[in-house]
Every structure is written in C-alpha cells, then in structure tokens.
Amino acid sequence: MNDTKVIKKLFLLFCTVWFGLFFSQESHSQYYELRNKYENMEENDAKAFLYIQPYINKAKKEKNYEKLVQGYKDGIFYAFLDEQKLKYADSMVWAANLSKDKDLLITAHIDKGVIYYYNYKKYKLALNEYLEAYQYSKNTKNEFLKYQNLYHIGVVKSYLGYYDEATELFDKCLIYYREKSLSNLHPNEIYNNKKGYLNSLHQLIICYRHLGKNKELDAALKKGFLKWETVEIMHRKKPIFSLSKGISEYRDKLYKLAYRILISLFLRCKTVGILRDFRLIISLSQKFTLDWRIPEGQSVISKRSILFLISISSFFLNLGKITRS
C-alpha cells in the first residue's frame, strides 16, 4: 500500500515537471517565432513593430524580464525616430532593473549611452550611462561585455579631449581582444573579438594623432594593415585605416601618396550607389574653391585638394557609405 502511494507521488511529480518543461519550451518557441518574423528586416523599419509589440506584451505578461529587455532592445534598433529610440532605451533600463541581472543592466546602460552618443550627440550623458554600466561590470563574469563598455568609455573620453585617459582604455581593450581572438573560441566569438581589436586600434590611432605621437601612430597603422589582412573583417575596416594612412602621409608632406590613397576612397563613393549624394560633394568642393580632379600630367597637388578629400571621405565613412572594396 505504501509502495502504491510512493508510485503515485512520483507519477504526479513527473507529470508536473514534464508539463512545466513542455509549456516553458512552447513559450520560448513563441518568442523565437515572433523574432524570426522581423530579425532580418532593415534597421528603422517600422513594420517590425507588428511583431515586436506582441513580443513585448508577452514578456510583460509572463514577467520574463530577459525577453522584455530583448524586446526593448529590438525596439531601439527598428524605431525610426530618435525620440522613439530613447524611449525604448529607457524602457530597456527599466526592464533590466526588474530582472536584477547585472549583465542585462550593463547591456541596457551601454545601449542607452549609444543613443545619447550617436543620435543626440550628448556626450556627457552618454558617458554617464557608460560609467553606470562600469559599476555593474566590476563583478561580471562576462568579460566581452566589460571590455565593450570600456571601449565606449574610451570613445567618449577621446571625443571630449581626454586623449591620455582614452589611450589607456584602448590599450587594455587591445590586450583583451588580441588574446581572445587567438584563443579556441566559436568562430562568431573570434570574429567579434577581431572586430573589437580593429575598432580599438583605430580609436587609438585617433588619440595618437591628437597627442602628436607620430611614431606610435605609424606603428599602429602598420599593425592595422597587417593584422588579419586575409579575413573579411579587415576588408570592412580597411577604408578607416586607409583614411588614417592618407592623413599621415599628408602630415609628412607626401602629398602625391596622400592624394592616391584618398582619391581611391573618394572614388569608391561613386561606385557604391550613392550618386544621389554627389550634390553634397559639389557643394563642398565649391566651399573649398577647388576641383578634386588633378589635371593629367600636373606635378603639384594642391593641399586644399587633399584636405577636401579627407573631409569628404570622413563624411562618408561616418555614414557607413564607403564599404568594402
């Protein structure tokens, strides 16, 4: 009789666990299905909200704060207006606080900082968010997240003119990303760490330029062109290093070499489907009172021509319109 009771209890326990797992998997499957309908849409595509809002509503109802943070994060990416992006960033921080998960809090504050930095150009507010994330990152086991935040702090400090402080941060990032990119990780993780390395190296070059550390700058540039030259990420980042190389050649009064490097970047603008922006190019060339085309056989290259190419290449790189060759 006692054996029968024990068997019944075990059976009930098994049913409870099985149904719990079943409904949990079904719920996660529904989140996956919703995200799958919009995750390949273009950034700022409002049609994504046909599925993002149900995703957020479901996460709220179930008090699944991890999924709620993800829903608000997606809202930032697909929102068209800056005001909407900031609204979703605020909600992301709110959801992360409810979760009490430090890694989610780090991510939320980083994302809000990015909106302040890139969308609103409010650099001190961005830095406040990154410093808030830094407090949470002190005890995190997620080192990639920790160094991602240090990189963002460095970018803001560099923009605000604290080049020595920014240099220290980028040096730390380089050591971390280099070590991880050479370790036995998943290919996607290696790719992300190589990307982090090259981004940090580029920011370090900017700091060296402002600090007048030309020897260190040239060494970093050489490293940028040689490191992982055969992998896809280098092709995507190469225009950034080419711009820095052109500026360095101009600094050293090697005007012909600077012109060749920069004109290749400029002409790439015309080959990636951005002819609609050519009016901007014309207006800028008028501002510089020059013609960017150097007549055949001319031995003297105008410094103003090179400065114009630096300006226009920087503009399109910031827009992300000069892509891989």
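For pairing I took rings of Phe, Tyr and Trp (its six-membered ring) with centres within 6.5 Å; planes under 30 degrees apart count as stacked, over 60 as edge-to-face and the rest as tilted.

**Basis.** I note that this is a predicted model, in which local features need pLDDT of at least 70 and side-chain atom pairs count only at pLDDT 80 or more, while totals for chains, interfaces and linings use all residues. Residues are numbered from 1 along each chain as its sequence is written, and side-chain values use heavy atoms, with hydrogens and water left out.

**Aromatic pairs.** I counted 14 aromatic pairs by this ring rule. Y176 and Y177 form an edge-to-face pair, 5.3 Å centre to centre with 65° between the planes. Are Y176 and Y177 buried or exposed? Y176 counts as buried because its relative accessibility is 9%, and Y177 likewise counts as buried at 3%. Here buried means under 20% relative accessible area, exposed over 50% and partly exposed in between (1.4 Å probe, protein chains only).

**Charge over a ring.** I found the charged end of K58 over the ring of Y31, 5.0 Å from the ring centre. The criterion is NZ of Lys or CZ of Arg within 6 Å of the ring centre and within 35 degrees of the ring normal.

**Whole chain.** I recorded 14 helices and 0 strands, taken as DSSP runs (H or I, at least four residues, for helices; E, at least two, for strands) numbered from the N terminus. Buried residues make up 42% of the 325 residues.
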